[in-house]
Amino acid sequence: MIDIRGLTIIFNAGTSDERSAISNLSLSVPKGQWISVIGSNGSGKTTLLNAIAGSVPVASGTITLDGRNRAGEPEFRRARIVGRVRQDPTAGTAPDMTVMDNLALASRKGPRRLLPAKPAGLKRRLRDRLSELGMGLEDRCEENVARLSGGQRQALALLMAAMTEPAVMLLDEHTAALDPRNADIVMDLTRRFVREYGLTALMVTHDMRRALADGDRLVMMHEGAIVADLAGDDKKGATVQRLVRLFREVRGEEYAEDRDLLS
Ligand SMILES: Nc1ncnc2c1ncn2[C@@H]1O[C@H](COP(=O)(O)OP(=O)(O)OP(=O)(O)O)[C@@H](O)[C@H]1O
Ligand SMILES: [Mg+2]
């Protein structure tokens, strides 16, 4: 579903601020696979997701999504096949629109658009989806999203991104800004949606335990490259200590964020 070959991303090319954020990275992700992405600050995780979504220019390499190289395709064209949830709960929804209008807009976006014959039918279906979140939002359809809590907004953003079954789902530390209880709720929903909708997903997290517990595969990035890639029994048998050790072996240096990653 995702096939990235020789991807290189350079910011401010040709200036004194030139910075290579991704160097010759390749990654192939079969349909329905869920990958946890970990790595130190500035290792290129967000840039990788941005490249897939089309929001940063690619210096070289190919990004094949759903059978087509989209490396040069503008972001708005890819938006139909890429679902995205960011760290900031205010980023994924329109605050001055109602819960229902946000959902209705999202329902028209993805590859599997929800288009019942009558608008009333659509509303009913969207309300049903809302009630599945278990947050009582089905009774707040006509309220503006600005009045929802961070956790509620993030759950709504996740539903909006997932419900039309995007070819690729990108989650960038999407629970990091939430309190532990809401983070757990949003992770439960993530697990459910990824499985229910059979999503191909990349989930960036700083929480090594979460990265080990969730997903089918774990990718570790450092300085714009993938330095470890675990799947199957390798991933099942891995521990946080083992990941930290692995990093030391691969890089021949201390993991700058042991504290962060072990917490
Ligand atoms: N728009 C930009 N212009 C210039 N440099 C950028 C830009 N975006 C990212 N970078 C640089 O690219 C590198 C990778 O950044 P990126 O945001 O992908 O890291 P990250 O792994 O997501 O880090 P974090 O864990 O802190 O979110 C960093 O050195 C960063 O400073
Ligand atoms: Mg980031």
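Me: How do α3 and α5 pack, at what angle and how far apart are their axes?
Reply: α3 and α5 pack at about 25°, with axes 9 Å apart. Helices here are DSSP runs of H or I of at least four residues, strands are E runs of at least two, and both are numbered from the N terminus. Axes are lines fitted to C-alpha atoms, for helices over the stretch in contact, and angles run from 0 to 180 degrees between N-to-C directions.

Me: What's the model, and how are things numbered?
Reply: It's a predicted model: local features need pLDDT of at least 70 and side-chain atom pairs count only at pLDDT 80 or more, while totals for chains, interfaces and linings use all residues. Residues are numbered from 1 along each chain as its sequence is written, chains are lettered from A and ligands numbered from 1 in the order in which they are written, and side-chain values use heavy atoms, with hydrogens and water left out.

Me: Switching to the core. Which residues touch the most other members of the largest one?
Reply: L130, L133 and M169, out of 38 residues. A nonpolar core is a set of buried Ala, Val, Leu, Ile, Met, Phe, Trp, Tyr and Cys residues joined through side-chain atoms within 4.5 Å. Buried is under 20% relative accessible area, exposed over 50%, partly exposed in between (1.4 Å probe, protein chains only).

Me: Which element gives the most to this core?
Reply: α5, with 8 residues.

Me: What does L133 touch?
Reply: Leaving aside neighbours within four places in sequence, L133 is in contact with A155, L156, L159, L189 and F193.

Me: Last one: is α1 mostly covered or mostly uncovered?
Reply: Mostly covered: 8 of the 9 residues in α1 (45-53) are buried. Among them are K45, T47 and N50. After α1 comes G54, with a positive phi near 90°.

Notes. Contact = heavy atoms within 4.5 Å.
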